[in-house]
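Trainee: I have the sequence and the structure open. May we go through some of its parts together?
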Amino acid sequence: MNLQVKQRIPLKIKRMGINGEGIGFYKKTLVFVPGALKGEDIFCQITAVKRNFAQAKLLKINKASKNRVQPKCPIYNDCGGCQIMHLAYKKQLEFKDDLIKQALKKFQPAGYQNYDIRPTKGMAAPYHYRAKLQFQTRHFAGSVKAGLFASNSHYLVALENCLVQDELTQQIVNKATELLDKYKIPIYNERKNAGIRTIMVRKGQASSQVQLIFVTSRELRLTALVKELRIAFPEIVTVAINYNSSKSSEIYGDRTEILWGQETIEEEVLDYSFFLSPRAFYQLNPQQTQVLYQEAVKALDISKDDNLIDAYCGVGTIGFAFADKVKSVRGMDVIPEAIEDAKKNAKALGLTNAHYEVGKAEELFSKWYQEGFRASALVVDPPRTGLDERLIKTILHAQPEKMVYVSCNASTLARDLVALNKVYQVDYIQSVDMFPHTARVEAVVKLRKK
């Protein structure tokens, strides 16, 4: 490879990569350039040289793509939370279709060339869609600030008006950081593992109820701060504290306490409501979650005789969409608070055919089968790491007749389809844009036993 760090080169961008970066070839060497778009002629500077590729930063656009737009966010280039806001939204959706195609081409599950990949379903107004905010806190230029770390760094970019964040949650975190300053609350840093390190704010779109978590490495007195926040924002119904004293990148520790208010907030999706405790997982974009779950219901095509397993069930939300249409629903999750919520939600909905347990999907699936339970339908909604290998083996052994895979990572989805394809055929893949202006895509995959 002839390229050197700091070398400046012209480059024509041929396509876009899985992280939203532009990709071109310089003397047969792949070069990745964040901020560049397909079809552009650019001038860039090499920042890193690897064995089979190089990375570069964009210096000048000699010929701009007709799909390039001016990002509305004034700190877009500094933050890194969004990767493709400079691409026209219609083209963002096409890019997300391509993400799935790229992943399938890389892992090549049998017959992938003939998969029915349906156009990504986008949003009419793709701003202020995130109902959950999770910002790091640090001392910044003499005062407390909250925001996100810049890409591949521990440099905090303070965010006071994030264009993809729900406006109320942004206002609340702004006030919280102001009060952390006012009351001189200790703030975490990497050298002194002491104080507030993260603030989480989540709003129920249907109820407008808000819950707030302060993540801290030590015991703190927050009574006065909480009182002021409650007065300023009557929408706040829960204030909790989570203790995380580790120096790892994990956001939460194991212990969470309610400082003030009720244990849950209320949310709605499809035709039912449910409760969320502070640590329980729920999709970040409530508006598109409605679309996602509609697609999951359509894809699974269940009947009254079906027994359904809802793996990685969270607070039970996907399973509830099927509960009145099947014989039984069983769900599992590793977060105890989520399972408690699932049980409470099932009871509140009057469901007598729903069962939930704390544990790993790969372990409980096998346990239930050993006890004689048989599932004819399966829905999985795993984290970005995809399905555990043991769970895949269990699925291939148990072979439920029909299956829906809800994925938030095209790469791990394509990898898992290689194994699942031994027993299941892919009817179609329907992607949903849960995260506009980012290089992430969510997909619903309809699978049927061959």
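Trainee: How many bridges join strand 19 to strand 20?
Mentor: In this predicted model, four bridges connect strand 19 (residues 377–380) with strand 20 (residues 402–407), and the two strands run parallel.

Trainee: Which residue is the bridge partner of V380 in strand 20?
Mentor: The partner of V380 is Y405.

Trainee: What holds paired strands together in general?
Mentor: Strands of a sheet pair through backbone hydrogen bonds, in either a parallel or an antiparallel manner.

Trainee: In what order do the strands of the open sheet come?
Mentor: The order of its eight strands is 6-21-22-20-19-16-17-18, with mixed pairing. At the edges are strand 6 (117–121) and strand 18 (354–358), each of which pairs on one side only. On average, neighbouring strands of this sheet are turned by 15° against each other, direction ignored.

Trainee: And helix 2, which strands does it touch?
Mentor: Helix 2 (residues 89–107) packs on the sheet and touches strand 6, strand 21 and strand 22 (442–449). The direction of helix 2 makes about 140° with that of strand 6.

Trainee: What about helix 5: at what angle does it run to strand 21?
Mentor: Helix 5 (residues 286–300) runs at about 160° to strand 21. Among the other strands it lies across are strand 16 (307–311) and strand 19.

Trainee: A new topic: is S431 buried or exposed?
Mentor: S431, found in strand 21 (residues 424–432), has a relative accessible area of 1%, so S431 is buried.

Trainee: Which side chain does the side chain of S431 join in a polar contact?
Mentor: That of T120, at 2.6 Å.

Terms used
Residues numbered from 1 in each chain as written. Predicted model: local features only at pLDDT ≥ 70, side-chain atom pairs only at ≥ 80, totals over all residues. Heavy atoms only, no water. Buried < 20%, exposed > 50% of the residue type's maximum accessible area, 1.4 Å probe, protein only. Polar contact = N/O pair within 3.5 Å; in protein donor to acceptor, adjacent residues only side chain to side chain. Pairing = 2+ DSSP bridges. Axes fitted to C-alpha atoms, helices over the stretch in contact; angles between N-to-C directions. Contact = heavy atoms within 4.5 Å.
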